[in-house]
Amino acid sequence: MERHEVIVVGGGLAGLRAAIEAKIRGRDVAVLSNIYPIRSHSVAAQGGINAALGNVDPTDSIEKHALDTIKGADYLADQDAVEGFCRDAPANVLELDRWGCPFSRLPDGRIAQRSFGGAAFPRTCFAADKTGHAIMHTVFQQALRHGVILHSDRVALSLSTDEARVRGVVAMNLLTGELEAWVAKAVVMATGGMGRMYSMTTNSHHCTGYGMAMAYWAGAPLEDMEFVQFHPTTLYGTNILITEGARGEGGILLNADGERFMERYAPERMELAPRDIVARAIMTEVLEGRGFERQYVHLDISHLGDEVLMERLPQIWDLALSFAGVDARTEPIPVQPGQHYAMGGIETDQNGRTRLSGLYAAGECACVSVHGANRLGGNSLLECVVFGARAGAAAAEDSVKIEFGRRDAIEAAVRDVEGKIDSLYKNGGDRRPINPYRIMDEMQLTLWNHLGIFRDEKGLRKGMVKLRSLRQEHREKSGVPEASRTYNLSLVDALMLDGMLDLTLAMTEGALRRTESRGSHFRTDYPGRDDKNWLRHTLAYYTVEGPRFDYKPVAVTKWPTKEREY
Ligand SMILES: Cc1cc2nc3c(=O)[nH]c(=O)nc-3n(C[C@H](O)[C@H](O)[C@H](O)COP(=O)(O)OP(=O)(O)OC[C@H]3O[C@@H](n4cnc5c(N)ncnc54)[C@H](O)[C@@H]3O)c2cc1C
């Protein structure tokens, strides 16, 4: 049993930033992560991070960043939170710069900024098209410099609670297969997104959403889980992301008739409308028969010239060539929408505190909410640093007043997880166990088909019936053969699936109840936004039978809701 005042679960950008902040404030901090931190999904971020620095257009401002974010969110974001978020952005980006992040530069040496979807100004700071890589390495070095303790190869499986407070984490040591008890005064969840719940996603295999499920099971509500972002441009065939930066640099979208079809959907902003609008436009083109092979459209960046391509989008050129055999200098890139981001997550206040004492959350697994119904590109890396730092500060501050919990509480949590593992092994010993990977495939397809870019009551109900039956089948019959305990990933994936299946119910039922279209949640049977009934956040609480729902109002400060026009 190990003890730390603050334990951060997840070594991505939000987790490392939280850990640094808690450490700077004098706490003993450890990060638990299933992979080595710099392999976290944040390294894959491509296009950039937003801050109203005004380096390219000096008329940009914090207010304008806030308005773009709120409008992009289809007015579901909490405006007080957005204002603070945008106000903190310049200082946070300049801090990364001071820490040595190699941002791309303007000729006069200031940080370069590019245009991104839904932004009225070139506001996105970038390091070519490898921004996540540059920022992660910078922040990782700071974590080492400050003496943050890192424990990789630990997959967190459960939170231990006692006296209505989170007291620690149960994790599996992947090297030995042993369960370990980690006792803490404060636990910060920073486990990232849940893209692997979908069949077509830009997310890595570690984006399972399991951290959200851990918090949900422990009693923290999940907020706005029905809002799932589909990125318009993922490489056809693999769904590797083709950054919005490609359109920000001047890339255009064409259908099979050679038409620049965005003229019909967003005549002013065209390819740089928010993602929900561009993704729906591409799907409409494909569904109405104007796509290529009924699957994809073209993204053309060949006219940008070799110099711009190699300086600003070298990775995109490389990815298109390596994974689709397309030389983007001379040919268009085949693209289709894919799952990309979770706007919903563990409900937190503006300082990363959840409703459960001792539990904090930051990054993609959390919902503050600054993204509302649709996140703007470049605002997620920003969220990780702004709210990562705030959550780390809150955890550090609160943990001063707290004693460590009782040993028997965490021992009971370990026994519960052992029970789940025993049951998977027991079923695995049967002659014909149910294969959890089959259930995972069916879950991913069900979500894609019924909780995708377009939704309706019939499909959502069908999806819910299927997901409930998959959940039951998994709990009762899934089995894993008792193989080596070292890095038994079949066992880990079967455990992750358990969390994913509970999340699917919160997402699907939340979507069924929301009888309107807003941002990424588009109901073909309710195509209009309904502020009268639905200008509110969904909260899902875990119960054994399925989610229990509640709602809370959206904070509207100075931007009255309006119809979005782009
Ligand atoms: C391809 C791609 C490109 C993107 N580009 C941009 C961009 O240009 N700009 C932008 O703003 N946003 C971008 N995004 C979104 C942004 O990158 C992510 O939302 C953000 O990096 C998430 O950071 P995080 O720290 O919350 O999660 P992650 O970086 O995913 O880190 C999560 C950490 O938790 C660990 N973990 C997960 N579960 C467990 C568990 N049970 N036990 C232990 N550890 C666990 C993971 O291994 C990892 O260490 C992009 C996303 C994708 C998919």
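Predicted model: local features only at pLDDT ≥ 70, side-chain atom pairs only at ≥ 80, totals over all residues.
Biologist: Which residues of helix 10 are buried?

Modeller: In helix 10, which spans residues 314-324, they are Pro 314, Ile 316, Leu 319 and Ala 320. Buried means under 20% relative accessible area, exposed means over 50%, and partly exposed lies in between, with a 1.4 Å probe and protein chains only.

Biologist: And what covers them?

Modeller: The cover over the buried residues of helix 10 includes strand 11 (228-235), helix 9 (306-312) and strand 14.

Biologist: What does strand 14 pair with?

Modeller: Strand 14 (residues 333-342) runs antiparallel to strand 13, and three bridges join them; two strands pair if DSSP finds at least two bridges between them. Ile 333 of strand 14 is the bridge partner of Leu 299. Strand 13 also pairs with strand 12 (residues 252-254), in the antiparallel sense and over three bridges. There, Leu 254 is opposite His 298.

Biologist: Which way do the side chains of strand 13 point?

Modeller: From strand 13 (residues 297-300), Val 297 and Leu 299 point one way, and His 298 and Asp 300 point the other way. These residues are all buried.

Biologist: A change of topic: how many residues of strand 9 are buried?

Modeller: In strand 9 (residues 179-189), 11 of the 11 residues are buried, so the strand is largely enclosed by the rest of the structure.

Biologist: What are its strand partners?

Modeller: Strand 1 (residues 2-9) runs parallel to strand 9 and is joined to it by seven bridges. Strand 8 (residues 165-173) pairs with strand 9 in the antiparallel sense over five bridges. Strand 16 (residues 359-361) pairs with strand 9 in the parallel sense over three bridges.

Biologist: How many residues separate strand 8 from strand 9?

Modeller: Five residues lie between them in a hairpin, and Gly 177 in the turn has a positive phi of about 80 degrees.

Biologist: Where does Met 189 come into the nonpolar core?

Modeller: The largest nonpolar core has 81 residues, and Met 189 is among those touching the most other members, together with Val 169, Met 172, Tyr 198 and Met 507. Such a core is a set of buried Ala, Val, Leu, Ile, Met, Phe, Trp, Tyr and Cys residues joined through side-chain atoms within 4.5 Å. Helix 15 gives the most to this core, with 14 residues. Another core, of 57 residues, lies apart from it and includes Val 6, Cys 101, Val 148 and Val 370.

Biologist: What does Met 507 contact?

Modeller: Beyond its neighbours within four places in sequence, Met 507 is in contact (heavy atoms within 4.5 Å) with Met 194, Met 197, Tyr 198, Met 225, Glu 226, Val 228, Leu 447 and Leu 451.

Biologist: Is Glu 509 buried or exposed?

Modeller: Glu 509, which lies in helix 15, is buried, with a relative accessible area of 15%. Not counting residues up to four places away in sequence, Glu 509 touches Met 464, Arg 468, Pro 547 and Phe 549.

Biologist: Which other residues have a positive phi without being glycine?

Modeller: Asp 74 is one of them, with a phi of about 55 degrees. Asp 74 sits in the loop between helix 2 (62-72) and helix 3 (79-98) and is buried at 7% relative accessible area. Asp 224 also has a positive phi, near 50 degrees. Asp 224 is in the loop between strand 10 and strand 11, and is buried at 0%.

Biologist: Where is the cis peptide bond?

Modeller: The bond from Val 368 to Ser 369 is cis, with omega near 10 degrees. Ser 369 belongs to the loop between strand 17 and helix 11 (379-399).

How values were computed: Residues numbered from 1 in each chain as written. Heavy atoms only, no water. Helix = DSSP H or I, 4+ residues; strand = E, 2+ residues; numbered from the N terminus.
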